[in-house]
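Colleague: I'm new to this one. Can you walk me through it?

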Amino acid sequence: MTTANTVQQLQAEWVTQEKFQRYGQLILPSNDGRAYDSNDAQLNLQNGIPRFYIMRLQRRGRKFHTITRHVQCTQCLGSLEGKDWLIAVVPPHNDVDTPVIEEIKAFRIPGNCFIKLAVGTWHAGPYFEHEVVDFYNLELADTNLVDHFTHNFIQSDRLEFEII
């Protein structure tokens, strides 16, 4: 006999720079010609060849039971066409191999900005209500081959999450 999984709901809140600080950076539009400063994405792409591409995703609901992190680089994600989207994150604790469940947070990201995930930030998503969303994605060329660590909450805790 199998035990049913518990579904834990996560209330998504609109992202702000302050709320997202533990996970990375929120990058907002700025005027052209402004000098580089701490409001620009603070990137770590030195461990390989950067890969900047457009990732097309189909709507896949708002439930998840796996979460991933990259420990060799930062990652930037943003939607095209002004579409808002959702992501769940756990702050990086790079001395720990599993995400801290109590620290998981869900954010709604507007379509006029992007996020930079700090090295080691656990993330699940993007999720959205649109049929299809194109995302620009900046990471390393081999991130998904050599720097892709996934934790399965069903296997470890019989737990899945739903972003509401």
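**Strands and a pocket**

Modeller: Let's start with a pair: β7 (residues 75–79) and β10 (residues 114–117) run antiparallel and are joined by three bridges. Strands here are DSSP runs of E, at least two residues long, numbered from the N terminus, and two strands pair if DSSP finds at least two bridges between them. This is a predicted model: local features need pLDDT of at least 70, side-chain atom pairs count only at pLDDT 80 or more, and totals for chains, interfaces and linings use all residues. Residues are numbered from 1 along each chain as its sequence is written, and side-chain values use heavy atoms, with hydrogens and water left out.

Colleague: Ok, which residue stands opposite L77 in β10?

Modeller: That's I115.

Colleague: And what is the strand order in the open sheet?

Modeller: The order is β3-β10-β7-β12-β4, five strands with antiparallel pairing.

Colleague: How many bridges does β12 make with β7, and with β4?

Modeller: β7 and β12 are joined by four bridges, while β4 and β12 have nine. Both pairs are antiparallel. As examples, G78 has Y136 of β12 as its bridge partner, and R56 has D134 of β12.

Colleague: How much of β12 is buried?

Modeller: Seven of the nine residues in β12 (residues 132–140) are buried, so the strand is largely enclosed by the rest of the structure. Buried means under 20% relative accessible area, with a 1.4 Å probe and protein chains only.

Colleague: Switching topic: is R108 buried or exposed?

Modeller: R108 counts as buried, because its relative accessibility is 19%. R108 is in strand β9 (residues 105–111).

Colleague: What is R108 in contact with?

Modeller: Leaving aside neighbours within four places in sequence, the contacts (heavy atoms within 4.5 Å) of R108 include W14, R62, D84 and W85.

Colleague: Last topic: what about the largest pocket?

Modeller: The largest pocket holds about 340 Å³ of space. Of the 21 residues lining it, R60, T68, H123, G125 and H148 are the closest to its centre. A pocket is an open set of points on a 1 Å grid over the protein atoms alone, where a 1.4 Å probe fits, with protein on both sides within 12 Å along at least five of seven lines; lining residues have an atom within 4 Å of a point.

Colleague: Which strand gives the largest share of the lining?

Modeller: β11, with five residues.

Key: Buried < 20%, exposed > 50% of the residue type's maximum accessible area, 1.4 Å probe, protein only. Points joined across faces, edges and corners; volume = space filled by probe spheres on them.
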